[in-house]
Amino acid sequence: MNTLPLLLVLLVLALFSFFLGRKRSLAVSKGNRGNYRAPNKLHSLPSYYGYSAMIYAVLPALIVLLLWSAISPVLIAKNVAASLPAEIHNAGATQVELTMNRVESMAHAGKIDPTADPIQQAAAQHYLSLAKNSQNIKTALVLLIALGGLYLGWKMISPQFRARNQVENVVKGLMILAASVAIVTTLGIILSVLFESIRFFQVVPVSEFLFGTHWSPQTAIRADQTGGSGSFGAVPLFAGTLLISVIALAIAVPLGLMAAIYLSEYAQPKVRAIAKPTLEILAGIPTVVYGFFAALTVAPFIRQLGEAIGLSVASESALAAGLVMGIMLIPFMSSLSDDVINAVPQSLRDGSYGMGATRSETIKQVIIPAALPGIVGAFLLAASRAIGETMVVVMAAGLSANLTANPLEAVTTVTVQIVTLLTGDQEFDSPKTLAAFALGLTLFVLTLILNIIALRIVRKYREQYD
Amino acid sequence: MNTVTLANDSMTFPSSGTTTTSSVNKTDVDIHSVVEELKRAKQAVGKPFLDNPKFKTRDVNVYYNQTKQAIFNASLDIGRNEVIAMIGPSGCGKSTYLRCLNRMNDTIPGTKVTGDLLLDGEDIYAKDQDPVLLRARVGMVFQKPNPFPKSIYDNVAYGPRLHGLAVNRSELDDIVEQSLTKAGLFNEVKDRLNSPGTGLSGGQQQRLCIARAIAVSPEVILMDEPTSALDPIATATIEELIDELRSSFTICIVTHSMQQAARISQRTAYFHLGYVVEVNDTNTVFTNPGHRLTENYITGRFG
């Protein structure tokens with residue numbers, strides 16, 4: 001039986017064992033559900049006995065099924081590879097790998113290509129028979145364990161059996177599993193980025209990467225190609241990221257904060273009911289739309305404006321990207337700040353008004369300080385979005401890695417370079433592609449530091465104000 | 001017990017034979033007839049008016065959301081340097097009335113106040129009256145202690161800074177110290193003026209709020225159930241404080257505790273369903289109430 005039908009069988013078995021367990025619990029208690037003193041009073045509700053029986057029947061079987069499915073292909077491949085004739089083994093590890101790739105693809109397709117190399121045909125044949133055996137053993141084992149578990153679970157049901165506690169323990173275990181999936185995935189991503197970066201740093205020194213001021217990642221892929229030798233100084237990229245983020249935040253933070261203050265403190269309920277959702281629509285616009293808005297509308301406008309007052313503006317400028325990104329971040333800033341400002345208790349406002357403070361004095365001196373931890377949080381969220389934003393920058397700020405503080409020139413950012421390094425056909429062992437991982441790692445470390453600082457600030461103010 | 005009133009009641013409703021023993025009259029349960037009766041009585045029982053009052057209020061009506069009326073024709077005077085207690089069951093309008101006196105109701109959208117409210121003869125709802133300046137003259141202490149998320153010093157200095165009462169730091173220091181001393185808090189906090197006001201105990205926080213209110217030298221202090229969130233010992237401290245503050249300020253206090261009203265006030269106003277039912281010397285209100293509803297309330301028959 002294949003894995004999918006086997007899972008269906010387990011599902012049916014689960015339902016069956018639930019009702020079986022429930023029924024048996026009612027039978028052993030002889031229907032006594034009320035009297036606590038009676039010896040046959042059930043410890044838990046009948047449905048818990050059902051769930052308990054279900055867990056005994058399905059959980060061990062499911063674990064065995066998953067483990068077997070994960071491990072058996074590896075073992076089979078190993079076995080088949082070992083059985084390959086000596087001549088292939090003598091030809092080196094690459095040859096073995098190549099042969100195994102073909103064998104596995106034939107085996108997975110389920111039919112053996114008669115035109116293929118007879119050695120490969122034989123190996124594929126061998127592979128298929130092993131796989132079939134493994135499948136049969138798996139089916140038998142899983143069903144046996146499921147039925148055995150069901151019997152055990154059925155047998156254990158008695159009025160004294162603490163089904164509720166057992167079920168809750170299993171539920172707790174599932175939650176731990178869910179939490180660890182997220183953690184393990186994060187860890188896995190970090191490690192893979194880290195190892196690829198280490199490979200990159202074996203080619204390009206760390207100091208050159210971190211402090212070099214020239215970025216030109218084009219390298220010759222084959223020896224006979226002409227091309228740049230590649231230089232990997234990341235400073236222009238981080239400078240560009242910083243420039244664009246600063247422009248974006250310089251727009252989003254004041255505008256967003258003031259919009260939030262207007263909405264929460266001054267606006268009539270009717271205005272607020274319309275303005276707040278409208279502002280939040282901005283957050284729903286895909287960033288690529290912002291991108292072409294920046295490239296096609298804002299950038300030419302800035303260029304014309306610059307020319308009118310005698311400034312030379314690149315057609316793709318940091319200013320255009322930063323402006324549009326800033327507008328994109330306004331709803332972030334305003335929506336989150338609005339929430340925290342609304343969370344400031346009315347009693348503080350009353351206290352301030354009662355002292356003879358005006359509305360704006362109250363906002364400046366009481367409400368903003370009280371809401372500051374939340375506002376800092378909103379700021380940092382906007383900042384990390386600005387640093388990580390790619391699409392707007394790709395379209396509006398260009399790809400040239402200029403090291404400049406002039407917002408009218410074209411710059412590029414870390415994320416944009418990662419995109420350009422990894423799009424198209426690439427081989428994954430040249431410094432060019434590996435540089436993407438190094439950039440990603442550096443970006444990750446930077447945002448991590450930013451988050452840690454943010455958490456510290458927020459915690460400090462929390463202690464002071466709550 | 002005021003037997004005269006009871007005899008009158010039982011004469012009005014001869015059908016209920018038990019009125020002489022069960023003192024809650026049938027009419028008190030029927031809200032409509034009580035409202036009719038209150039509407040007919042143009043003026044509160046007792047002595048609502050004074051010579052040369054601090055606050056003179058006549059025919060005050062308050063509406064929430066334009067339509068729902070919370071106060072009906074409230075007319076009473078508040079004397080200089082007296083503590084006047086406003087008592088009455090929940091929802092009777094006593095807090096609403098209090099919040100009219102410094103126009104705090106302005107901060108609630110849809111509130112309308114009509115009638116005359118005169119502070120030293122000056123109409124506080126006049127067009128050219130600035131509610132912000134009014135609130136500096138008529139300070140307020142709230143039910144729940146609400147210190148600002150600032151240091152103790154900055155809490156007290158908040159008002160003087162807003163209104164420019166101190167020209168330099170040392171004057172501000174003096175104001176803060178004096179206000180905290182008057183509020184009976186200075187000795188407890190003098191070593192930690194820069195720690196947050198929110199870190200104090202509930203009773204200390206409320207005294208901090210009182211210090212904050214008196215730092216701008218108001219003429220009147222309004223207190224809306226200032227001790228209802230405090231334990232008995234903190235309450236006693238605040239009550240002593242209110243008695244001391246009487247020499248420099250006029251104090252209006254809304255309270256749910258009749259014992260508190262009897263302990264600290266010179267005059268008492270009884271509110272019922274938005275009407276001022278009775279205003280008189282506290283002693284008279286509690287020993288010889290002039291209105292059946294007042295008596296029922298203070299003797300704990302309802303409320």
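Biologist: Which residues make the nonpolar surface patch of about 650 Å²?

Modeller: The model is a predicted one. A residue joins a patch only with over 30% relative accessible area. By that rule the members of the nonpolar patch in chain A are F444(A), V445(A), L446(A), L448(A), I449(A), I452(A), I453(A) and I457(A).

Biologist: Is I449(A) buried, partly exposed or exposed?

Modeller: I449(A) is placed in helix α16 of chain A, which covers residues 431-465. Because its relative accessibility is 42%, I449(A) counts as partly exposed.

Biologist: Which helix gives the most residues to the lining of the largest cavity?

Modeller: The lining includes T241(A), I244(A) and S245(A), along with M325(A) and E389(A). At least two lining residues come from each of α8 (235-266) and α13 (359-388) of chain A. The helix that contributes the most, with three residues, is α8(A).

Biologist: How many charged residues does the lining of the largest cavity have?

Modeller: The space in this cavity is about 40 Å³. Its lining has five nonpolar and four polar residues, and the number of charged residues is one.

Biologist: What distance separates the C-alpha atoms of Q346(A) and I55(A)?

Modeller: Q346(A) belongs to helix α12 of chain A, residues 346-354. Q346(A) counts as partly exposed because its relative accessibility is 43%. Along the chain, Q346(A) and I55(A) are 291 residues apart, and the separation of their C-alpha atoms is 51 Å.

Definitions and conventions: Residues are numbered from 1 along each chain as its sequence is written. Chains are lettered from A and ligands numbered from 1 in the order in which they are written. This is a predicted model: local features need pLDDT of at least 70, side-chain atom pairs count only at pLDDT 80 or more; totals for chains, interfaces and linings use all residues. Side-chain values use heavy atoms; hydrogens and water are left out. On a 1 Å grid over the protein atoms alone, a cavity is a set of points where a 1.4 Å probe fits but cannot get out, and a pocket is an open set with protein on both sides within 12 Å along at least five of seven lines; lining residues have an atom within 4 Å of a point. Grid points are joined across faces, edges and corners, and a volume is the space filled by probe spheres set on the points. Helices (H or I, at least four residues) and strands (E, at least two) are DSSP runs, numbered from the N terminus. Ala, Val, Leu, Ile, Met, Phe, Trp, Tyr, Cys and Pro count as nonpolar, Asp, Glu, Lys and Arg as charged, and the others, Gly among them, as polar. Patches are made of residues with over 30% relative accessible area and no salt bridge: like charges are joined within 9 Å, nonpolar side chains (Val, Leu, Ile, Met, Phe, Trp, Tyr) within 5 Å. Accessible areas come from the Shrake-Rupley method with a 1.4 Å probe; for residues, only the protein chains shown count as cover. A salt bridge is a side-chain nitrogen of Lys or Arg within 4 Å of a carboxyl oxygen of Asp or Glu. Buried means under 20% relative accessible area, exposed over 50%, partly exposed in between (1.4 Å probe, protein chains only).
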